[in-house]
Amino acid sequence: MMRTRTLAILIFDDVEVLDFCGPFEVFTVANRFNDPPAFNVFTVAEKPGPVQTRGGLSVNPHHRLADCPRPDLLLVPGGQGTRREMHSPTLIDWIKVRSQEAELVLSVCTGALLLAKAGLLDGLEATTHHGAIDLLRQTAPKTTIHADRRFVDNGRVVCSAGVAGIDMSLHVVARLLTREVAEKTARQMEYPWQPTV
């Protein structure tokens, strides 16, 4: 019988809504096609209380960093807040420690900046939002940056550009479960997924 994987989605002030909600939707919709559910999806933030997203949406995280269950999958979204959070030792250390325990580490958009600061992109390939390609190159000089790819799969670390977090998440569902489940998920979401592999 398939085990349920925990998926921790990090959120912080000025996180981009679609960067975390798109993947949240993909993985929770994929659960409809698995018994038991394939993913236990939850959000985690540094402190208790609401997180204010980039567009002003207020979100209540399920957990704080201090009480977050061990994630099998760790997803780090982007947004304007990453420019501040990449200088937060608390957050970067947490990502570094939790990534060592995780089966997969995923980033969406400028979430790649946080992975870079945690040293997780050294020697790998990555992408990010087109407006942050130069900043990622500065932050991750030991990383091969692809400005023209929707997502880059390094095996354990997968990075996506902008709103391509949905494409990346469907790709991960196909990897961990089956392509059929990923296709059913995309169809349920009425999302025009075009697998690249």
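**View 1. Serine 107 lies in strand S7 of this predicted model.** With a relative accessible area of 0%, serine 107 is buried, because residues under 20% are counted as such. Leaving aside neighbours within four places in sequence, the residues in contact with serine 107 are Val76, Ala112, Leu115, Val158, Cys159, Ser160 and Met168.

**View 2. Seven strands form an open sheet with mixed pairing.** The strands follow one another in the order S5-S2-S1-S6-S7-S11-S10, and the edges are strand S5 (63-64) and strand S10 (151-153), each of which pairs on one side only. Within the sheet, strand S1 (residues 5-10) and strand S6 (residues 73-76) run in the parallel sense and are paired over 3 bridges, with alanine 8 standing opposite leucine 74 in S6.

**View 3. Helix H6 (residues 165-176) packs with helix H7 (residues 179-189).** The two helices meet at an angle of about 145°, and their axes are 7 Å apart. On the H6 side the contact is made by Ile166, Leu170, Val173 and Ala174, and on the H7 side by Arg179, Val181, Ala182, Thr185, Ala186 and Met189. Divided by kind, the residues of this contact are 8 nonpolar, 1 polar and 1 charged.

**View 4. The largest pocket has a volume of about 260 Å³.** The pocket is lined by 14 residues, of which Phe12, Asp13, Glu46, Lys47 and Glu85 are the closest to its centre. The lining as a whole divides into 7 nonpolar, 2 polar and 5 charged residues.

**View 5. Proline 48 lies in the loop between S2 and strand S3 (51-52).** The relative accessible area of proline 48 is 63%, and proline 48 is therefore classed as exposed, the cut-off for that class being over 50%. Proline 89 is 41 residues away from proline 48 in sequence, and the two are 18 Å apart in space, taken from C-alpha to C-alpha.

Terms used: Residues are numbered from 1 along each chain as its sequence is written. This is a predicted model: local features need pLDDT of at least 70, side-chain atom pairs count only at pLDDT 80 or more; totals for chains, interfaces and linings use all residues. Side-chain values use heavy atoms; hydrogens and water are left out. Axes are lines fitted to C-alpha atoms, for helices over the stretch in contact, and angles run from 0 to 180 degrees between N-to-C directions. Helices (H or I, at least four residues) and strands (E, at least two) are DSSP runs, numbered from the N terminus. Contact means heavy atoms within 4.5 Å. Ala, Val, Leu, Ile, Met, Phe, Trp, Tyr, Cys and Pro count as nonpolar, Asp, Glu, Lys and Arg as charged, and the others, Gly among them, as polar. Two strands pair if DSSP finds at least two bridges between them. Buried means under 20% relative accessible area, exposed over 50%, partly exposed in between (1.4 Å probe, protein chains only). On a 1 Å grid over the protein atoms alone, a cavity is a set of points where a 1.4 Å probe fits but cannot get out, and a pocket is an open set with protein on both sides within 12 Å along at least five of seven lines; lining residues have an atom within 4 Å of a point. Grid points are joined across faces, edges and corners, and a volume is the space filled by probe spheres set on the points.
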